[in-house]
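User: I would like to study the salt bridges in a protein model. Please guide me through them with questions and answers.

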Amino acid sequence: MNALVLSNLFPSADEPGRGLFNLRGFAALAEFCDVRVVVPVAAWRHLGSPGRWLGARTETHSGLEATYVSYWNLPRVGTTLHARAVRAFVAPYVRRMHAARPFDVVLGVFAYPDLVAAAALADELRLPLVGFVLGSDINELGQWPSIRPQIQRALHRSHSIVSVSHGLKERVVELGVPADKVIVQHNGVEGDVFALRDRASVRAQLSVPPGRKLVCFVGNLLPEKGPDVLLDALTGAPDVHVAFIGSGALKDTLLATATARGVADRISFLGRLPASQVALWLSAADALCLPSRREGCPNVVLEALASGVPVVASRVGGVPELLTETNGMMVPAEDPGALAKALVATLERRWDPIALRASVPSLSWADMGRTLHRAMVEAVAARTGDAAHRNRP
C-alpha cells in the first residue's frame, strides 16, 4: 500500500524540533507500508529566506522522504481560506507524485488546515481518506465558527478518524461524527531515549546542584500550555526551581514577570532541545509540570514517566487517561494555588522510578503504526468494495 500523508507538523532542516511525535508515528507506519509525506509550509514563515517563498524541496528524516511545499496565505486574515490555499499549492506536486507512483490512500494529520486540504485532494484523486487528530486542532480550531463547518465536512469525508485520547474522541463526536468512526490510540514513547538513569550523575553532567528541587516544563511557551500558571505557582512553592524547555511568544513576558516578583533566580530558559537533551533534563528533575489549559495526549507526560519522573499536570484533554495517584497528581487548569500545593506534595513524596516507568502504556511507537495502518487498510477495502458494488451489472 502506498500512502500519502499530509501534515504541516513535521521536522525540517529549519525546524528540527517541529512535530517530532509525527515523525515517530509516521516512521512506525512505514514499517507496514510505503509512506510519502507532504508538508505544507506557510511562505510567511520564511520571509528571511526568499529562495523558499515558492516551490518545493525534499528532505529525508528517519528514512522518510518528505516534500515541503510553500504556500501563500495571510495569517489570521485568511483563516477561512487557509485549507484552500494549502490544497491549491500542494495539488500540482501531489498530482505528479500520484502519476509516477499512484497512492492508495490519503492520511490527513491535524484537522485544519491539513485534513480539510487532504479531503479535497482525496476527492480529486478518488481515494479513501483517514483523519488523524491531535488536540488543539479539535479542542480549539474545531470551535471556531468560521472554520468549524470545513472541519466537520472533512471528518465526515474520512472513513475513520484516529484520535490520541478518549477525551479528544468526545470532542470529535460532539462535531457530529459517529463514535464508531473514531479510533483511540495513545501516543508512544521512545523507551530507549527516555530511560531510567542515575539522577546524581545526570545532575553532575548538567551542573544541577544535588539538593535543588528541580521541576521541568517541556513545551511551547504559549498560553495554551500554561507556563504563566506555573510561574504564578512559584510564589506558593518555595525553593522550587523551574527549567523551561521550549520556545514561544511568552518568554519575554515570563522573564519580566519573574523579575518583578523576585523569582527570576529560580527559573531558567533552555530553549528548544533535541530529544536526547530533553531526556537528560527529565532524568535530572524531581518532577515534570504540565499546567496546560488544553491538551490532546501530551507526549511529554509519557516521556517523563518513562524516565522515572512523576508528573503534575492540569486535568485536561487526555491527561486523566495517563495519570493516576500512583504516578502523579492532577489539578484544575488555571489554578496556581492548587498547582503550588501539588508541586510541594509531589516533591515531598518518595516515588519508585521503576513503577513510574511501568505505568507507560507503550514504550515504543509500534502500536501507533499498526493502528494507522489498520485504519488505512480498512479504508481502502471499504472504498474498493463500494466501487465493486457500483460497477455490478
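Predicted model: local features only at pLDDT ≥ 70, side-chain atom pairs only at ≥ 80, totals over all residues.

User: How many residues apart in sequence are R24 and E190?
Analyst: R24 and E190 form a salt bridge, with the closest N and O atoms 2.9 Å apart. R24 belongs to helix α1, whereas E190 lies in the loop between β8 and α7, so the pair ties together parts whose separation in sequence is 166 residues.

User: Is R24 buried or exposed?
Analyst: Buried means under 20% relative accessible area. The relative accessible area of R24 is 15%, so R24 is buried.

User: Which residue forms a salt bridge with D34, and in which loop is that partner found?
Analyst: The closest N and O atoms of the pair are 3.8 Å apart, and the partner is R101. D34 is in strand β2, and the pair links distant parts of the chain, 67 residues apart. The partner R101 is in the loop between α2 and β5.

User: Which helix holds both E174 and R171?
Analyst: E174 forms a salt bridge with R171, the closest N and O atoms being 2.7 Å apart. The two residues are 3 residues apart, which means a separation of about one helical turn, and the helix is α6.

Methods: Residues numbered from 1 in each chain as written. Heavy atoms only, no water. Salt bridge = Lys/Arg side-chain N within 4 Å of Asp/Glu carboxyl O. Helix = DSSP H or I, 4+ residues; strand = E, 2+ residues; numbered from the N terminus. Buried < 20%, exposed > 50% of the residue type's maximum accessible area, 1.4 Å probe, protein only.
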